[in-house]
Amino acid sequence: MSDYPVMVSELTKTFYDESRGEIHAVDGISFSCTPGEIFGLLGANGAGKTTTLRLLATILSPTRGTATIMGHDIRQEPQAVRGCLGFYSASTALYPRLTARETLEFFGKINHYPTAQLSERVDYLSKRFGIEAYANGRIDKLSSGMKQRVSIARTVVHDPPVLIFDEPTVGLDVLSALEMQKVLSEFRDEGKTIIFSTHIMSEAERLCDRIAIIHNGKILACDSLDNLRVETGCRYLEDIFVKFVRGNTETVQDTGR
Amino acid sequence: MRLLTASVLELFRQEIRMFLRDRRAVVLSIVLPLVVMPLMLFGSYWAEKRREKQLETVTYQYTVIQDRENPAADAEFRAFMDLVKQTVEQKRQTEPAAKDKEPAKFAVVSAGDEAKRLADGKLDLYIEVAAALKPGQATRKSPKQFEKDPEGGGPFILPDRNTVPSLAICYRADRDSSRHAATELRSLLMQYRRDNRQQLLRMRGFNFDPKEFGKVSEHDLATKDQASGLYVGRFLTLFMLFFLLIGGSAVAIDSIAGEKERGTLETLLTTAIRRSEIIGAKMLLVLAVSLCIGLLQVTNLIVYFGFKLIELPKGLSVAISPGTAVLLFVLFIPVFLLMSGLLLYVSGISKTYKEAQLNFTPLFFAGIIPAIAPMFPGLKLRSVMVLVPISNISLGVKEVLVGKYDWPMLAVAWLVNAAAAVYVARRLTNTLSQERLITSSEKDLADLRGGPELFPRRVFIWFGLMWVALLVVAGNVESLTSIWSQILVNVVLIFLGGSLLLIRKYRLDVREALALRSVRWPVWIAVVVGIPAALVAAHGAFLLANLLIPVPKKMLETFGEYVFPPEYPVWSLVLLIAVLPGICEEVAFRGVFLYGVRRRYHPFVLPLVVGIVFGFFHMALFRLVPTAFLGVVFTAVTLLTGSIFPAMLWHAGSNATALLLSRWKLSPTELTWPYFAASAVVLVLAFLVFWRFRTPYPGLRWRAREKR
């Protein structure tokens, strides 16, 4: 296994639309992540962030290129890949008619977490995320804040080394968003590799160790915030982002693409 | 598909738990059918009994319209009615079977304005006496008296032929009491007539019951179980699939389409469980729920039979041995898995719950129709039918119930259904890898912009509407019975008019959409040579299809006379049958439709799709295969030449040739296999010419790509 928990190489996803022809949602991107790192994918809506993360989670299969998660190829061993990552997004919901505890136990089992230790793990997570009080309450009876906590616990119930968070703060209030950021920091401190997508600049600035700016399916820049500042001469991430995206758009126009 | 891994069983366990906790689903799928069915049956049983009771106590009001030529008819008819009632009452007292039934009571009321009074409910019926009995013809002697004194002259003197009484009972079928009164009176009169006839025969020396004369008796050599097996076998698969579809639809729709809407499917797809395991668990869920519902419904039916709420047909024996029950269960397993898979597939290809509900209707019919195969006389499992999923098991079940086991064919049928179930499960697994199907995506730019970008997504809907228009308007409007009006409405208005409207609505480029391009000259020669060859080959395809669904010769002759009516001059038929369809139908199918679907399918699949759709537009089932075959040929030519014109010439030429052959009384039934072989060779040669001088249709999709 390589030193990098996540290695992405020339990953490409092309869709075919009956009316618009080929759409390059992800266009030959490459990057790698180290343990205990939060890697941010920063891009506007439709830039290709979610498709990239879905490819890494093997929800979709790539058209070209590949990636490895903990040494498992997303094309060859999709099941093993999913077994060692946790995926969280605003659209990954919970089963409304299960209780919080049943949810954690169910996801632990189908992610092949050792059965003997599952109960203990569920107790630990319930305590850690403060869901003990409503662990036996059905998900559809919980508030959105409670659901968010259960959802995070669901993501890490099988203790995966790699975590993917796709715009996790979309639709959350300020306090919930801050709580999410805190949780992400804690996971990083535990040595987990986190790939985190957002279009909120302040969030990326605060959390990410490295940032990849993605636009039209391509990565335009990938470095630490400090290095990006040096490269562009801009202080704020917003300016840095705009500079890269506008530069790319002009290039696209120049080449007539 | 993996059915019994730990993950499958765990997911299945959770799915069942969630289903049982979903009150709405449980109520709709299990409780409601269980409660509604008995309520409906009790209700209708009670209502029927009550109605019968009420009708027994009613005295029906009627009046008699007198015959103008015979003013005494009224009084005579009353006397006649008295006699009728007397006879019937006597019969009631002597025959125990008639005792339970109270005879209907009638009371004559004054005449005048009968029709209005009948409409207003003030009268139950009135009787028009067209030619009344002559006074004195009927005596007041009862049949009993007559039996005692047969020599003294009977009451039943044959009337003169010209004075045979003729009664017209006028009633209203839209009123229960009126309809019932008419039925009762009719049966009263018929009973009287029967008795009267018998008495007359006795008078003439016929001294035994006429029923005994020339008596025919039947002896059924089949056992009671075999006879019942045939009866039950015709419907069993149909009933089972009906229960499965009704019971499993709610859970199947919720299981994938519902999960998409709720976002839980994406969560599941990010776990270590395999796609095939997800499908396996969901198929088990649908199967378990639908079997449970089916079992409850069958138990329900047995209870109703037990309480005699539903009467079993006479002589029906429903005793099935345990061995037969096990065999039936084994036979049903792959069919149930196939149907569960299809239900889930419909759910899988739908982005929302609502869309899945809409898609369920065609699946319901597609699933039910093959199961009616045992109702067709002459269809056997040991035929090509063994390869048709669902139909083959339906036929097999019937044969098993009749007691004729054809083990090799049963095994083949089982394997065919199992293979179909695996195929559907694989297709279903693929739907879990397509982004547009994983999430319930929102509208995109093409939806907002409309125009040519949107047309490919709407083309099937529009052609579906055109098909419905054809079915409804052309098939049901009586004024469209002549060939002229049929062609004008079907071909010109629906096909040409509909196509032009689509071009206008979606702002399509006319030249592109209709493939208006010139072709090289050898193409025309190949088309002319290919016309008779394709026609012969299409007839060959028809004969092959005829092996599967035999078409009565009479039907073909009638159809031929309808399409090529002999009273029309040839020139007008050439215009109607050849030229207009050649232009209008090609504009619709090889023009607009092909343009709409050109990127949806691989170019090798396109002719099949367009051909089959073209075949379906010819409505009659027996025309499906030959017209679809010609549709495939026309589409292939269009794809190779990039132009609609060769297909237009071919279509028109083909129809004109068929017309002329019909006029010259040349029947294709004379054709033997050398003709079919020769036509195939000529067709291949023609297509080699198209290939050599090809100018391919632009914008085709040669590589298989994942749809968004």
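One reminder before I start. This is a predicted model.

Let's take the interface. Chain A puts 41 residues into the contact, and chain B puts in 45 residues. The size of an interface is often given as the accessible area lost when the parts come together. Here, chain A and chain B bury about 4,100 Å² between them. Of that area, 51% is on carbon and sulfur atoms.

Which elements of chain A supply at least two residues each to the side that touches chain B? Three strands do: S1 (6-17), S2 (21-33) and S6 (85-89). Three helices do too: H1 (49-56), H2 (78-83) and H3 (100-110). By class, that side of chain A has 16 nonpolar residues, 13 polar and twelve charged.

On to the cores. In soluble globular proteins, nonpolar side chains tend to be buried together. The largest nonpolar core in this model has 146 residues. Those with the most contacts inside it include Phe31(A), Leu56(A), Phe165(A) and Ile211(A). Helix H10 of chain B, residues 322-348, gives this core its largest share, twelve residues.

Zoom in on Phe165(A). Leaving out residues up to four places away in sequence, Phe165(A) touches Leu53(A), Tyr88(A) and Met180(A), among others. Leu184(A), Phe187(A) and Ile195(A) are also among its contacts.

There is a second, separate core, of 64 residues. Phe455(B), Val459(B), Val519(B) and Leu576(B) are among its members.

Glu15(B) is in helix H1, residues 6-21. Is Glu15(B) buried or exposed? Its relative accessibility is 5%, so Glu15(B) counts as buried. Beyond residues up to four places away in sequence, Glu15(B) touches Ser255(B), Glu259(B), Lys282(B) and Leu285(B).

Glu52(B) is in helix H2, residues 23-57. Glu52(B) counts as partly exposed because its relative accessibility is 38%. Glu52(B) and His180(B) are 128 residues apart along the chain, and their C-alpha atoms are separated by 9.8 Å.

That's it from me.

Definitions and conventions. Residues are numbered from 1 along each chain as its sequence is written. Chains are lettered from A and ligands numbered from 1 in the order in which they are written. This is a predicted model: local features need pLDDT of at least 70, side-chain atom pairs count only at pLDDT 80 or more; totals for chains, interfaces and linings use all residues. Side-chain values use heavy atoms; hydrogens and water are left out. Contact means heavy atoms within 4.5 Å. Buried area is the accessible area (1.4 Å probe) that two parts lose on being put together, summed over both. Helices (H or I, at least four residues) and strands (E, at least two) are DSSP runs, numbered from the N terminus. Ala, Val, Leu, Ile, Met, Phe, Trp, Tyr, Cys and Pro count as nonpolar, Asp, Glu, Lys and Arg as charged, and the others, Gly among them, as polar. A nonpolar core is a set of buried Ala, Val, Leu, Ile, Met, Phe, Trp, Tyr and Cys residues joined through side-chain atoms within 4.5 Å. Buried means under 20% relative accessible area, exposed over 50%, partly exposed in between (1.4 Å probe, protein chains only).
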